[in-house]
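Hi everyone, thanks for making time this morning. I'd like to walk you through a structure, so please have the sequence and the 3D view open.

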Amino acid sequence: MELFLEIIVAVLLVTGSLMSLIAGVGLLTFPDLLTRMHAATKPQVLGFLLIFIGLAIHLRSWALVPVLALAWGVQLLTAPVSAHMIGRSGYRTKHVKRESLYSDELRTVVENASRSDDKD
Amino acid sequence: MSKRTEQPRDQRIDDALDEASGKRNRPTLKQEWPLLIFLVLMWGALWQDFSAGNLIFGALLALLVVALFPLPPVVLSGRINLWYCFLLLGWFILQVVAASVEVAYLAFFRRKKTRSSIIAVRLHTDSDLIVTAVGHVLTLIPGSFVVEVDRRTSTLYLHYLNATNAIKVARSRAKIHEIERRVIMAIGSREEYEAVRKIRTEIVDRQRGRGETGEEQ
Amino acid sequence: MTYIVVAIAGTLLAIGAVACLIRVAKGPSILDRVLALDVMLLIISAALCLEMYLNEHNNSILFVVIACAIGFIGSVTVSRFVSDQRNA
């Protein structure tokens with residue numbers, strides 16, 4: 001039983017760290033800012049869930065579970081905020097490579113809005 | 001912001017300033033008890049101590065914090081279904097795992113050739129709470145995140161990874177509506193919940209009807 | 001056993017951190033850099049979790065909680081700064 005739990009912990013920790021590696025590789029290989037953003041949300045959601053579960057099992061302490069749940073929950077609340085802010089200002093300051101987009105339904109909206117602004 | 005809809009819609013969050021008097025809206029204790037409970041639990045979790053004395057002290061601190069740093073009131077829908085919340089969490093984790101594998105594949109093998117789209121999804125709901133929750137959930141699932149929100153029409157503009165043809169775009173749009181349906185089932189208001197259930201039963205009936213006619217043939 | 005796990009996971013984290021550093025150095029815009037630093041902070045938190053696993057204590061758990069809670073403020077500030085600069 002002990003050995004079985006320890007193997008689970010090992011698998012969880014290694015997979016969780018693998019998520020960070022994927023995030024790093026994604027940051028390096030994706031073509032533009034908005035695409036890289038998808039890589040950056042990875043270690044936060046899945047990686048930390050796995051690492052926290054592994055840590056809680058390894059330390060065998062129920063007192064740790066609320067703290068880890070809090071840390072994960074707080075991440076779920078804050079990670080989208082920064083992703084949205086960076087993505088929005090990246091889009092507005094034209095950091096998007098046009099050729100990496102298949103379609104852009106926001107562009108027409110922005111163009112219409114700026115045209116009506118010009119009229120005013 | 002200037003062109004707000006004429007009728008203030010139900011459960012829409014009021015802005016921080018009251019329009020008539022220009023004063024800050026203060027939330028009532030009835031609106032704020034979920035925040036207070038969250039703060040008390042957070043205090044207990046940080047100390048790793050859920051004894052009564054610690055929690056009471058935490059409650060005092062929570063009241064102090066809420067009084068000193070007021071936030072605009074968050075109007076909840078008044079309905080919560082814990083079973084659907086649980087289902088939402090489980091479905092969310094499955095989606096995160098699947099999407100993580102996909103992003104990993106793209107990062108390692110597609111590299112610079114990765115393409116994506118910015119798509120507009122108009123949600124059915126007009127509650128700010130649901131729009132925010134849907135935006136959060138889909139940003140947390142790797143492969144999609146919100147670039148811009150149009151609050152008046154509850155339209156989300158999102159960047160969707162690897163949506164490189166019309167079929168994939170349609171599929172991702174259906175997925176966002178699936179998220180919306182699940183969030184409404186979990187925390188939406190009663191009217192929205194009933195509407196979602198009605199549509200669901202209609203679809204199921206139609207599928208069942210088609211199946212029966214298929215058997216007759 | 002724990003040593004092998006820490007060695008493998010630590011190597012993965014280290015490669016991820018180096019990739020982030022390269023992106024910080026290369027990043028064409030300040031937004032790329034702040035995004036990479038955000039990921040870097042998370043990798044450091046993950047490394048602290050590994051250290052707690054190795055030495056069987058939970059002293060740095062509060063750092064992890066705080067890093068999770070306020071790590072987003074930096075990137076929000078920078079992105080506001082960037083969009084303000086363009087509007088001005």
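Predicted model: local features only at pLDDT ≥ 70, side-chain atom pairs only at ≥ 80, totals over all residues.

Let's get oriented in chain A. Its secondary structure consists of five helices and one strand. Of the 120 residues in chain A, 61% are buried. The chain exposes about 4,900 Å², and 67% of that comes from carbon and sulfur atoms. As for how the chain contacts itself, take the contacts between residues at least 6 apart in sequence: 64% of them join residues at least 24 apart.

Now please find helix 2 of chain A, residues 33-40. How many of its eight residues are buried? Eight of the eight, so the helix is mostly covered. Reading through it, you pass A:Leu33, A:Leu34, A:Thr35, A:Arg36, A:Met37, A:His38, A:Ala39 and A:Ala40. Do keep A:Arg36 in mind from that list, as we'll come back to it.

Next, the partner chain. Chain A puts 46 residues in contact with 46 residues of chain C. The area buried between these two chains is about 3,900 Å², and carbon and sulfur atoms give 80% of it. Which three residues supply more than any other three of the area that chain A buries against chain C? They are A:Leu27, A:Leu28 and A:Ile86, with 14% between them.

There is a polar side to this interface too. Six residue pairs are in polar contact across it, with both residues at pLDDT 80 or more. As for where the chain A side comes from, helix 1 (2-29), helix 2, helix 3 (42-59) and helix 4 (64-92) each supply at least two of the residues that touch chain C.

How many salt bridges cross between chain A and chain C? The rule finds one. Here is A:Arg36 again: its side chain meets that of C:Asp32 in a salt bridge, at 2.3 Å from N to O. Both of these residues are buried.

Let's move over to the strands, where chain B comes in. Strand 1 of chain B covers residues 116-122, and six of its seven residues are buried. On one side of the pairing story, two bridges join it to strand 1 of chain A, residues 101-104, and the two strands run parallel. If you'd like a pair to click on, A:Asp104 has B:Ile118 as its bridge partner. Strand 1 of chain B is also joined by seven bridges to strand 3 of chain B, residues 155-161, and that pair runs antiparallel. There you can look at B:Ala120, whose bridge partner is B:Tyr157.

Last topic: the salt bridges. Over all chains, the structure holds eight of them. I'd like to show you two that share A:Arg60. In one, A:Arg60 pairs with A:Glu2, and the closest N and O atoms are 3.2 Å apart. Why does this pair tie together separate parts of the chain? Because A:Arg60 lies in the loop between helix 3 and helix 4 of chain A, while A:Glu2 is in helix 1, and those parts are 58 residues apart in sequence.

In the other, A:Arg60 forms a salt bridge with A:Glu6, with the closest N and O atoms 3.8 Å apart. A:Glu6 also lies in helix 1 of chain A, so this pair ties that helix to the loop across 54 residues of sequence.

A:Glu2 is exposed, with a relative accessible area of 55%. A:Glu6 is buried, at 15%. Through their shared partners, the salt bridges join A:Glu2, A:Glu6 and A:Arg60 into one network.

That's my tour, and I'm happy to go back to any of these spots on the screen.

Key. Residues numbered from 1 in each chain as written. Chains lettered and ligands numbered in written order. Heavy atoms only, no water. Buried < 20%, exposed > 50% of the residue type's maximum accessible area, 1.4 Å probe, protein only. Helix = DSSP H or I, 4+ residues; strand = E, 2+ residues; numbered from the N terminus. Pairing = 2+ DSSP bridges. Contact = heavy atoms within 4.5 Å. Areas by Shrake-Rupley, 256 points an atom, 1.4 Å probe, with all protein chains shown as cover. Buried area = accessible area lost by both parts, 1.4 Å probe. Salt bridge = Lys/Arg side-chain N within 4 Å of Asp/Glu carboxyl O. Polar contact = N/O pair within 3.5 Å; in protein donor to acceptor, adjacent residues only side chain to side chain.
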